[in-house]
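Let's take a walk around this protein and look at some of its rings and one of its pockets. Have the 3D view open while you read.

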Amino acid sequence: MVTIILLLSCDFWAVKNVTGRLMVGLRWWNHIDEDGKSHWVFESRKATSQDNKTVSEAESRIFWLGLIACPVLWVIFAFSALFSFRVKWLAVVIMGVVLQGANLYGYIRCKVGSRKNLTSMATSYLGKQFLRQSTGSDQTS
């Protein structure tokens, strides 16, 4: 049991701090300010023309497939342990569900947050272009 929980913790750390940043350009963490308030930070890598490390579609699909499949597998293990009355393994399974679920939740928040940022940037850009066109046409008339 202890070995499985230690391996789960190592997997959580590796996916959260290394794999997600390198394979899909996403990362998340918790920051506590001077007042003691907890702030969750969700980031996505900005795509620049100078960025040589592009995220490949295959790596991204493998990452998301593993990230979604693992919590599903742990939930199946949870039902299996619960219905077969193996309560001693329920602690390990709950740790697996919590750690894998936390990674899935964090990366979904990163992905959704980056889409919101892109949407707001696009809306802002289109609004500025419309304003420039409308003010530019008023000056020529």
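Lysine 16 puts its charged end over the ring of tryptophan 28, 5.0 Å from the ring's centre. Keep in mind that this is a predicted model.

How many aromatic pairs does a search of the whole structure find? It turns up 6. Take tryptophan 74 and phenylalanine 77: their planes stand at 85 degrees, which is over 60, so the pair is edge-to-face. Another pair, phenylalanine 79 with phenylalanine 83, is stacked. Here are the two side by side:

| Pair | Centre to centre | Angle between planes | Type |
|---|---|---|---|
| Tryptophan 74 and phenylalanine 77 | 5.4 Å | 85 degrees | edge-to-face |
| Phenylalanine 79 and phenylalanine 83 | 6.0 Å | 15 degrees | stacked |

Both pairs belong to helix 2. Tryptophan 74 and phenylalanine 77 are 3 residues apart there, so about one helical turn separates them. Phenylalanine 79 and phenylalanine 83 are 4 residues apart, also about one turn.

Buried or exposed? Tryptophan 74 is buried, with a relative accessible area of 15%, while phenylalanine 77 is partly exposed at 37%. Phenylalanine 79 is partly exposed too, at 48%, and phenylalanine 83 counts as exposed at 62%.

Now for the second largest pocket, with a volume of about 160 Å³. Its lining includes Trp74 and Phe77, along with Ile4, Arg86 and Trp89 among others. Helix 2 gives the largest share, 4 residues, and helix 3 (90–140) supplies at least two. By type, the lining has 7 nonpolar, 2 polar and 1 charged residues.

Notes: Residues numbered from 1 in each chain as written. Predicted model: local features only at pLDDT ≥ 70, side-chain atom pairs only at ≥ 80, totals over all residues. Heavy atoms only, no water. 1 Å grid on protein atoms, 1.4 Å probe; cavity = no way out; pocket = protein on both sides within 12 Å on 5 of 7 lines; lining within 4 Å. Points joined across faces, edges and corners; volume = space filled by probe spheres on them. Nonpolar A, V, L, I, M, F, W, Y, C, P; charged D, E, K, R; others polar. Phe/Tyr/Trp six-rings, centres within 6.5 Å; stacked < 30°, edge-to-face > 60°. Buried < 20%, exposed > 50% of the residue type's maximum accessible area, 1.4 Å probe, protein only. Lys NZ or Arg CZ within 6 Å of the ring centre and 35° of its normal.
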